[in-house]
Amino acid sequence: MRIGIIGTGVVGQTLGSKLVSLGHQVTLGSRGKDNEKGLAWAGQAGPDGHTGTFAEAAAFGEVVLNATGGTVSLAALRAAGAEHLAGKLLIDVSNPLVFGPDGVTLDPGNTDSVGERIQREFPEARVVKALNTLNCALMVDPGKLAGEHNLFIAGNDPDAKADTVALLGEFGWPAGWIVDLGDITGARATEMMMPFWLRMMGHFGDAGFNYAFRRAE
């Protein structure tokens, strides 16, 4: 499968490397073709790893992943082009974190989410919120943690969510560990989990943990 990733940071590179290792062709997109991070990644990714602009990555991908920071995601996707996203599964991995002197806040938050804003602005894209509640190393290798732990998805299109679950299965996520939170408004809940996640990272001293929910017998 051809996959376009919007963003060349650690998350985008980690996802891209895993996808290449699984046999997919991947293009990482950035603002410019001369992006140093993208070029360095493509140089070590092998023949199935490429880099380009946001628009080139989106046009290349049969599936597109948004791995930019949530506060700049809309701008990056506008640069990618609505015509390159129409009809495609668009997995949004972003979080709208704002770091200030008084700690971490969200923009947007509470009554809106990046996932919802993306779906509103690109109505022909099949947006699914996923993979935004844990460290990128665990995104692509859930076996790093013993026992069952959970991922969350949200989106308006049932087929898009099924396709997302199938792709996550390639990463090693059993379908039974993935919790469907309903339509794209569920992205509010998962984005609002992140300030708590950051507190927990401070408590543990590293990012090697995840959420695990249990129901009473």
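"Buried" here means under 20% relative accessible area, with exposed being over 50% and partly exposed in between (1.4 Å probe, protein chains only). This is a predicted model, so to speak of local features takes pLDDT of at least 70 and side-chain atom pairs count only at pLDDT 80 or more, while totals for chains, interfaces and linings use all residues. Residues are numbered from 1 along each chain as its sequence is written, and side-chain values use heavy atoms, leaving out hydrogens and water.

**View 1. Helix α6 and its buried residues.** Helices (H or I, at least four residues) and strands (E, at least two) are DSSP runs, numbered from the N terminus. Helix α6 covers residues 114-121, and V114, G115, E116, I118 and Q119 are its buried ones.

**View 2. What sits over α6.** The cover on the buried residues of α6 includes the strands β4 (63-66), β5 (89-92) and β8 (126-129), plus the helices α4 (73-80) and α9 (187-192). Contact means heavy atoms within 4.5 Å.

**View 3. Strand β5, covered on both faces.** In a regular strand, side chains alternate between the two faces of the sheet. L89 and I91 are buried on one side of β5, and L90 and D92 are buried on the other.

**View 4. The neighbours of β5.** Two strands count as paired if DSSP finds at least two bridges between them. β4 and β5 run parallel, joined by 4 bridges, and V64 stands opposite L90. β5 also pairs with β8 in the parallel sense, over 4 bridges; here I91 has V128 as its bridge partner.
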